[in-house]
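Subject: Structure handover

Dear colleague,

Here is the structure for your files, with notes on what was found in it. Please have the model open while you read.

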Amino acid sequence: MDRTILHLDLDTFFVSVERKHDSRLNNRPVLVGGTGDRGVVAACSYETRPFGVHSGMSMKMARMLCPEATIIRGEAGIYSKESKLVSEIIADTVPVFEKASIDEFYADLSGMDKFFGTYQLATNLRERIKRESGLPISCGLSTSKVVSKVATGEAKPDNHKKIDAGTEKSFLAPMHVQKIPMVGDKTNKILYDMGVKYVKTIQEMPVEMMGEILGKNGILLWNRANGLDNSPIIPFHERKSISNERTFGKDTGDVKRMREMLRAMGENLAYQLRNGNKLTSCISVKIRYSDFNTVSKQVKIPYTSADHTLIPQIERLFDLLHNRRMMVRLVGVNFSDLVSGSHQINMFDDSEEKLNLYQAMDYIRNRYGTDKRGNAILSWGTTIGIPNISSMGNPFNGDPPIIPAHRNA
């Protein structure tokens with residue numbers, strides 16, 4: 001039995017959500033992302049594309065290319081809510097699905113053609129999402145995740161495309177190699193230097209040659225170019241780490257400010273651990289200097305989720321790491337080696353007062369949540385004017401990480 005994989009992608013998701021809540025933005029060039037010069041374009045409307053604007057571009061460059069665009073900072077909480085609505089519609093319709101990102105989904109419809117026409121089911125699902133969410137969405141249907149994703153890209157905007165079994169290779173052949181997921185700028189340059197621009201050329205090459213040039217990735221690329229992909233639907237994403245990082249609006253040498261930023265990050269990540277019944281045993285801190293040189297340090301500790309254990313370690317790592325007389329562009333914190341469990345009381349460092357304080361603060365956070373910008377109502381970072389440290393949602397609910405529309409300090 002041929003697999004039948006559906007790929008769904010919400011078109012220019014952040015922009016579409018903003019237009020849903022403000023119809024004045026319809027048919028106008030819109031950019032969503034960080035509003036400062038250090039900001040990055042998280043999403044751009046199709047009206048900005050002829051100017052050369054694309055996602056991931058610096059906001060400063062995007063403003064120069066398309067000065068008439070409306071720039072919106074964005075609200076991570078609103079995007080998360082809209083994404084959850086779409087997830088619930090999909091879950092109500094298909095037996096197994098994977099949420100690959102905040103705006104991208106896969107569903108396995110294999111075998112359902114015995115009871116429904118899978119193409120009809122896919123188009124009905126797409127229409128239902130549009131009707132109930134008010135958001136444009138495109139989809140692709142084929143025998144694999146890779147081909148369905150490429151088909152969705154060809155269907156955009158706000159359309160659908162089906163690739164019949166046995167036609168995958170001919171469908172991919174005339175496309176540029178960068179249409180295949182996993183081909184970034186570095187791989188594209190290697191292929192371009194070999195004279196390879198189109199997928200058809202890869203299809204005609206021996207798989208052994210691709211392996212010699214790009215190793216295991218070369219063999220994977222050859223398979224994908226030939227429409228061969230058996231990667232499974234992953235309904236649950238197990239988080240192996242959680243992290244937070246921020247880019248300063250201007251490079252800074254203010255050590256006190258950097259330490260406050262890292263402490264606020266550590267506080268929020270520790271809350272996430274406790275809320276998800278998780279512990280960490282590995283802490284790492286990252287610094288990126290103004291010359292883009294990036295350094296990091298990590299330390300192993302006994303498993304914990306307590307602020308009074310984690311934050312001093314973060315500050316110690318920063319003091320060891322920050323050893324250059326140069327302005328700093330970015331700081332970040334990462335907790336890894338996560339396991340399930342509750343904080344184990346340390347008879348020397350812990351006290352009943354500390355444990356009761358954590359329980360009270362977590363209770364208030366869980367009850368009252370965050371404001372519309374995603375800032376914790378009860379947060380040390382918020383009290384000293386550090387915004388956007390709080391992360392939206394539960395990072396351990398099986399969904400992939402939610403990428404906010406802006407990540408600047």
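Helices H11 and H12 make a right-handed crossing (right-handed if the near helix is turned clockwise from the far one by less than a right angle, left-handed if anticlockwise). Helices here are DSSP runs of H or I of at least four residues, and strands are runs of E of at least two, numbered from the N terminus. The axes of H11 (residues 255-275) and H12 (residues 307-321) come within 9 Å and cross at roughly 145°. Axes are lines fitted to C-alpha atoms, for helices over the stretch in contact, and angles run from 0 to 180 degrees between N-to-C directions.

The residues of H11 that meet H12 include Val-255, Met-258, Leu-262 and Arg-274, and among their partners in H12 are Leu-310, Ile-314 and Phe-318; contact means heavy atoms within 4.5 Å. By class, this contact of H11 with H12 has nine nonpolar, one polar and seven charged residues (nonpolar: Ala, Val, Leu, Ile, Met, Phe, Trp, Tyr, Cys and Pro; charged: Asp, Glu, Lys and Arg; polar: the others, Gly among them).

This is a predicted model, in which local features need pLDDT of at least 70 and side-chain atom pairs count only at pLDDT 80 or more, while totals for chains, interfaces and linings use all residues. Residues are numbered from 1 along each chain as its sequence is written, and side-chain values use heavy atoms, with hydrogens and water left out.

Thr-187, Ile-190 and Leu-191 of H7 make the contact with Met-210, Ile-213 and Leu-214 of H9. Five of these residues are nonpolar, one is polar and none is charged.

Val-196 sits in the loop between H7 (185-193) and H8 (199-204). Val-196 is buried, at 3% relative accessible area (buried: under 20%; exposed: over 50%; partly exposed: in between; 1.4 Å probe, protein chains only). Beyond four places in sequence, Val-196 touches Val-177, Leu-191, Thr-201, Ile-202 and Met-205.

On confidence, the chain has a mean pLDDT of 85, with 83% of its residues at 70 or more; pLDDT is the predictor's confidence in each residue, from 0 to 100. Over residues 404-409 pLDDT stays under 50. Where pLDDT is low, the predicted coordinates should not be read in detail.

Regards
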